[in-house]
Amino acid sequence: MTKNIICYSLGKLEPKKRLKFNQELYGYTDRSNHGKYVYKRTGILTNVKYDKPFDSTLIIPTEVAKEVVRQLKKYKGKSINYQIRQ
């Protein structure tokens with residue numbers, strides 16, 4: 001299985017959008033009614049085995065890299081920069 005290295009920088013992205021990006025990428029736990037109900041919201045990397053050697057650096061399978069790049073392009077106009085290596 002081939003893997004890609006993706007290095008990205010969120011730059012001057014405002015905090016709300018930065019949080020939204022990370023939630024869409026990694027997933028998150030949603031709580032309602034003061035913690036009575038707990039929901040696991042999945043992200044792109046939820047069920048994928050990946051390595052994160054540094055902040056903003058991912059080593060992921062090539063198939064998943066396409067989805068991550070699509071997500072980065074969605075925010076690219078908002079000062080996100082990225083590089084991908086095989």
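1. Arg41 is partly exposed in this predicted model, at 36% relative accessible area. Its side chain meets that of Asp30 in a salt bridge, 3.1 Å from N to O. The two sit 11 residues apart, with Asp30 in strand β2 (residues 28–32) and Arg41 in strand β3 (residues 37–41), and the pair links distant parts of the chain. Asp30 is partly exposed too, with a relative accessible area of 26%.

2. How many salt bridges does the structure hold? There are three, and salt bridges with shared partners tie Lys20, Glu24 and Lys74 into one network. Worth a look if you care about the charges on the helices.

3. The Lys20 and Glu24 side chains meet at 3.9 Å, N to O. Both belong to helix α1, and because they are four residues apart there, about one helical turn separates them. Lys20 is partly exposed at 43% relative accessible area. Is Glu24 buried or exposed? At 19% relative accessibility, Glu24 counts as buried, since the cut-off for buried is under 20%.

4. Now the Lys74 part. Lys74 and Glu24 form a salt bridge through their side chains, at 3.5 Å from N to O. This pair links distant parts of the chain, going from Lys74 in helix α2 to Glu24 in helix α1, 50 residues apart. Lys74 comes out as partly exposed, with 48% relative accessibility.

5. On charge overall: the chain carries 19 positive and 7 negative side chains. The centres of those two sets lie 3 Å apart.

6. Next, the fold. The chain has two helices and five strands, running β-α-β-β-β-α-β from the N terminus. Its C-alpha trace spans about 45 × 30 × 20 Å along the principal axes. Of contacts between residues at least 6 apart in sequence, 55% join residues at least 24 apart.

7. Which residues have the most contacts inside the largest nonpolar core? They are Ile6, Tyr8, Leu25, Leu45, Ile60 and Val68, in a core of 18 residues. Two or more core residues come from each of β1 (3–9), α1 (15–26), β4 (57–61) and α2 (62–76). Helix α2 gives the largest share, six residues.

8. Leaving out residues up to four places away in sequence, Ile60 touches Lys3, Asn4, Ile6, Leu45, Tyr50, Ala65 and Val68.

9. Last, the surface. Of the 86 residues, 30% count as buried. The chain exposes about 6200 Å², and carbon and sulfur atoms supply 50% of that area.

Definitions and conventions
Residues are numbered from 1 along each chain as its sequence is written. This is a predicted model: local features need pLDDT of at least 70, side-chain atom pairs count only at pLDDT 80 or more; totals for chains, interfaces and linings use all residues. Side-chain values use heavy atoms; hydrogens and water are left out. Buried means under 20% relative accessible area, exposed over 50%, partly exposed in between (1.4 Å probe, protein chains only). Contact means heavy atoms within 4.5 Å. Accessible areas come from the Shrake-Rupley method with a 1.4 Å probe; for residues, only the protein chains shown count as cover. Lys and Arg count as positive and Asp and Glu as negative; His and the chain ends are not counted. The place of a charge is taken as NZ of Lys, CZ of Arg, CG of Asp or CD of Glu. A nonpolar core is a set of buried Ala, Val, Leu, Ile, Met, Phe, Trp, Tyr and Cys residues joined through side-chain atoms within 4.5 Å. A salt bridge is a side-chain nitrogen of Lys or Arg within 4 Å of a carboxyl oxygen of Asp or Glu.
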